[in-house]
Amino acid sequence: GIPTTQVRIVRDALKIILPLFGTLPVTEFGPLKLALVCEAMIAKGWCRTTVIKYLWVAKTMFRWGTAQEKIPGHVYHALQTFQNPKQGRSKARETPPVEAVPDDVVETTLPHLPPTVADMVRVQRLTGMRPSEICMMRGADLKQEGTILKYHPTTHKNAHHGIDRLIAIGPKAQAIISTHRQTDLNAFI
C-alpha cells in the first residue's frame, strides 16, 4: 500500500544483518546468529528499545519468508526462542521515557506560533490527538453527540491493524475548532 517508515527500518536492519550473514544459507541462521546481530546493534550505540524493534523486524522478515514457503518453518520457529535484551541486564544503553512537554514551555511557545498552529497545539493538548490527526481533520469526520464532538480520523497509525480510532472533543476544543471550520465538509479544518 502506502510506504511507511517501516521500509527504512527494514533497510536499516538489513544493513546490520547482511554484512554479518549475507552469504550464509538461510537454513543456518538461528538464535545464536540473531544474538550476534543484537550485539552488533548494541555496539553501534543503539538503545535497548531500538534494538528490540529491529530484532522484531529481523524475525518478521523470517516469518514472511516462512509464509511464502521460501524458508523452512523450523528456522523462524527457532528465532522465536531468542530473548530480547532485558532492562538493566544487557550492555544496551537505556533511554529515559519520553515525557510530555511541560505546560509552562508550551504556554511560552504559543505566542510565537502562527495563530492556526497555536490553535492546533491547543486542541492537541485538550484531546490527545496526534499531529497527523489534527492536520487531516475535516468536517465530514466529525459527529456531534450531545455536548461531545466525536472525531473518526480517516486513517491513523494503527488503522492497518484493524483498530478504530475515536477522539472525543469536549467544549473547550470545540470552541477552538469552530473558528476554523469550513462550509465544505470535505475541506480540511
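Helices are DSSP runs (H or I, at least four residues), numbered from the N terminus.

Housekeeping: this is a predicted model, where local features need pLDDT of at least 70, side-chain atom pairs count only at pLDDT 80 or more, and totals for chains, interfaces and linings use all residues. Residues are numbered from 1 along each chain as its sequence is written, and side-chain values use heavy atoms, with hydrogens and water left out.

**H2 against H3.** I looked up which residues meet here: Leu34, Val37, Cys38, Met41 and Ile42 come from H2, and Val51, Tyr54, Leu55, Ala58 and Lys59 from H3. By class I get 9 nonpolar, no polar and 1 charged. (Ala, Val, Leu, Ile, Met, Phe, Trp, Tyr, Cys and Pro count as nonpolar, Asp, Glu, Lys and Arg as charged, and the others, Gly among them, as polar.) The angle is about 145 degrees and the axes are 10 Å apart. Axes are lines fitted to C-alpha atoms, for helices over the stretch in contact, and angles run from 0 to 180 degrees between N-to-C directions. H2 crosses H3 in the right-handed sense, meaning the near helix is turned clockwise from the far one by less than a right angle.

**H1 against H2.** H1 covers residues 5–21 and H2 residues 31–43; their angle is about 125 degrees, with 10 Å between the axes. The pair is therefore oblique, the class left over once under 35 degrees is roughly parallel, over 145 roughly antiparallel and 65 to 115 roughly perpendicular. H1 brings Ile16, Ile17, Leu20 and Phe21 to the contact, and H2 brings Lys33, Leu36, Val37, Ala40 and Met41. I get 8 nonpolar, no polar and 1 charged residue there.

**H1 against H3.** I read an angle of about 90 degrees and axes 9 Å apart, so these two are roughly perpendicular. This contact has 10 nonpolar, 1 polar and 3 charged residues.

**Cores.** Here I join buried (under 20% relative accessible area, 1.4 Å probe, protein chains only) Ala, Val, Leu, Ile, Met, Phe, Trp, Tyr and Cys residues through side-chain atoms within 4.5 Å. The largest nonpolar core has 24 residues, and Phe29, Leu34, Val37, Met41, Val51 and Leu55 have the most contacts inside it. H1, H2, H3 (48–67) and H4 (73–79) each give this core at least two residues. I also checked Val51: beyond its neighbours within four places in sequence, Val51 touches Cys38, Met41, Ile42, Trp46 and Pro85. Another core, of 13 residues, lies apart from the largest one and includes Ile134, Met137, Ile167 and Ile177.

Methods. Contact means heavy atoms within 4.5 Å. Buried means under 20% relative accessible area, exposed over 50%, partly exposed in between (1.4 Å probe, protein chains only).
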